Amino acid sequence: MGKGIRWGQLTAVLAGSAILLSACGSNDKNGSPSPSAFAASPSSSASAAPSASPSASAENVTITYGLWDQVQQPAMEAIIAKFRETHPNIEVKIELTPWSEYWTKLDTAATGGTLPDVFWMNGSSIVKFAANGKLLAYDDYATADAFDWNVYPKSLVDMYSYKGKRYGMPKDYDTIGLWYNKALFDAKKLPYPDDTWDWNKAVEVAKQLTDPAKGIWGLPAQFQGQIGFYNTILEAGGYLLSPDGAKSGYGTPEGIRGIELQTDLILKHKVSPTLAQMTDTNPKDLFKSGKVAMLMDGSWNVKDFATTEYTKANADVAVLPKDKVRSGIIHGLGNVAAANTKHPKEAWEFLKFLGSKDAAEIQAKDGTALPAVSGGEELWLKSVPAFHLQAFVDMAKVSVQYPATLHSDKWDGLEKETLKSAYTGESSAADAAKLLGEKIDETLK
Amino acid sequence: MAMLSETFRKRSASRFARSKRLARIDYKWGYLMVAPLLAGLAVFFIWPVFRTFYFSMTDWGDFGSYVWSGGDNYRRLVRDPAVYRAFGHTFFYVAIYIPVLVALSTFLAVLLNKGVRGSGVYRTLYFLPAVLMPAAVGLAWRWLLNGEFGLVNTLLKLVGIHGPGWLTEGRTALPAIVLVAVWSMVGFQAMILLSGLQGIPSAYYEAARQEGAGGATLFRRITLPLLTPTLFFVSVTALIQAFQVFDLIYMMIGQVAIDHADTVVYLFYKQAFQLGAKGYASAIVTALFAVILAITAIQLRLQKRWVHYD
């Protein structure tokens, strides 16, 4: 066994260096709000009327289309097939990368100059990509085509604009509503949530619905900004990002109240599982198995809940309860193009189609996404008649845009790291919120 | 006489030259054959070591842009409580993991070496976790260790024990990771030790038995000393691997207990890939590299005291 030694030494060196290797393996940054939120988030997109396309005689080109949601791939393929009816010379190849690796891969690709020609973008990463010159500005093409941006919600067009230039074709939008379990309400003979509810009412009913013996929770405090405290901060009359973009609003009295509305559900009213329990078992999974009466969550769950046996029969949705006002977060995906694409004209043609009503129709019928283009809503509302999807459209009217800053892809991590102690009760909501405010402000400099 | 010795000298000289020439040809072929491996090693292991060291003195911006920052990262490192915490967790993990792993796998190897019926089946079963992806192992155990609905706590309840939230409570999080890590590696290490055991000549045992030695004495006086080279190999490699524990923690420990379980490589991941501070992250792994190097050097030095090569 004399070899043992040399083996040992060699392996030691190898193993030691292996770890260093990973340090320079790739440059990536992960980003963005909740993976779960977007993994499921659908979208549809559609392009402006396929302008009697000029391309019939043009040369054949292939462009790539990067996206992360497998659930949406069939719809995307259908859209591409439709697109090719009018643009036979443009072939579109889908590059599917799972959410968990999507931003890492994009970051590396952007660094190496190998971005897909067209790809999905979200609110937390748009500024970083645009500010670093990685994206194609649409303005010249749009002007040449007299493209009408007014068919999309202004907030979405603005979110995908940077320094007055447009970089994103709004694809879909999502809002947050109050999902509830009709069976649990019926069992206690309680009225369903509606637009008269405020947070006091919600808490009062949640207490009646909570049944520790059966493991049933009234209203879990989702530990994530977009489906949790962002909404209550806004409803308390606060803001996430000051209008000038220089300050965050966590440490303001309204910000603190918004976080307290959440933490009280766990610590004071005991209508939510503890943070530890929610870490072990996701509240959404509890909702889908009938253990949660009310759940703040996004419109991207429609298809999931409509295809899950239990929620299909028992779930419905209402607008969020109000505090000082009724509000919430609105977010939407955008289709963007790489600045260095070899086929900017073809990419623009495809983008226009992705933003059109034709494309919206294909996706809306699927139920997965609330198309951004006007007129798309009606199609989506009819996709699952059993749910009052109008609640999400109503929320859109009072909602505030997801904060998009140069480093907002880092917010989620900082929020969880800092607010954790407020959710477990180790520190007060005020202390945690103020500390978080300082940390986020640091990223805004 | 003179002639003879002259001839002899000439002949031996020419033989020497020939063998030297042959050796050179052999070497050439030898190098040629290991060249692909060496090239891979250089590109994927050695070059990155230097790059990482260089990056540890840079500050990173978006999309791979970086600027020289000298010793800033190291100055920050020595003042960062998160780094001390991470090293503390790592040492704690290693301190439990290594003894438990080595003791258990030795025990298993000795059992398997007895040639019980169906030992081939057991061997496969014990080895199986080692070929599973750590991510899959982590995911499966996350279910088993779920505080409310996990199988482990359900079984404990049957015997009247109210199990903790294994992965969500600070005091159990890291021990739970050790448990899973041992479970997944014990079969692999036992196989290596088993091959060591099988290399011990049976004549030694026969001779000792004739002298009247019993089972315990055989193990202590023959098995253990002759197994030390293998034990040494196992402990050195397992230690290096243990210092780099990451995947199980990343997969299994959620946000709520991570402050009680983050290790150095976890901190590296967080800095590099979540916060985008690749320069600082490089400094962190460089520090870890130095620690592993030092500990491995100490092990190599100490082996003279306890490792027997026949």
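Biologist: Are A:Tyr65 and A:Phe350 buried or exposed?
Modeller: Happy to start there, keeping in mind that this is a predicted model. A residue counts as buried when its relative accessible area is under 20%. A:Tyr65 falls in that class, and so does A:Phe350, which makes the answer for both of them buried.

Biologist: How many aromatic pairs are there over all chains, and why is the pair of A:Tyr65 and A:Phe350 edge-to-face?
Modeller: The count over all chains is 52 aromatic pairs. For A:Tyr65 and A:Phe350, the ring centres are 5.1 Å apart and the planes stand at 85 degrees, so the pair is edge-to-face. The partners come from distant parts of the chain, with A:Tyr65 in strand S1 of chain A and A:Phe350 in helix H16 of chain A, 285 residues apart. So, with planes over 60 degrees apart as the cut-off, the angle that decides it is 85 degrees.

Biologist: What is the relative accessibility of B:Tyr66, the partner of B:Trp60 in an aromatic pair?
Modeller: These two rings are stacked, at 5.0 Å centre to centre with 25 degrees between the planes. B:Trp60 counts as buried because its relative accessibility is 13%. B:Tyr66 counts as partly exposed, and its relative accessibility is 31%.

Biologist: Which residue has its charged end over the ring of A:Trp120?
Modeller: A:Trp120 belongs to a cluster linked by ring pairs, including A:Trp68, A:Phe119 and B:Phe63. At 4.2 Å from the centre of the A:Trp120 ring sits the charged end of A:Lys171.

Methods
Residues are numbered from 1 along each chain as its sequence is written. Chains are lettered from A and ligands numbered from 1 in the order in which they are written. This is a predicted model: local features need pLDDT of at least 70, side-chain atom pairs count only at pLDDT 80 or more; totals for chains, interfaces and linings use all residues. Side-chain values use heavy atoms; hydrogens and water are left out. Rings of Phe, Tyr and Trp (its six-membered ring) pair if their centres lie within 6.5 Å; planes under 30 degrees apart count as stacked, over 60 as edge-to-face and the rest as tilted. Helices (H or I, at least four residues) and strands (E, at least two) are DSSP runs, numbered from the N terminus. Buried means under 20% relative accessible area, exposed over 50%, partly exposed in between (1.4 Å probe, protein chains only). A charge sits over a ring if NZ of Lys or CZ of Arg is within 6 Å of the ring centre and within 35 degrees of the ring normal.
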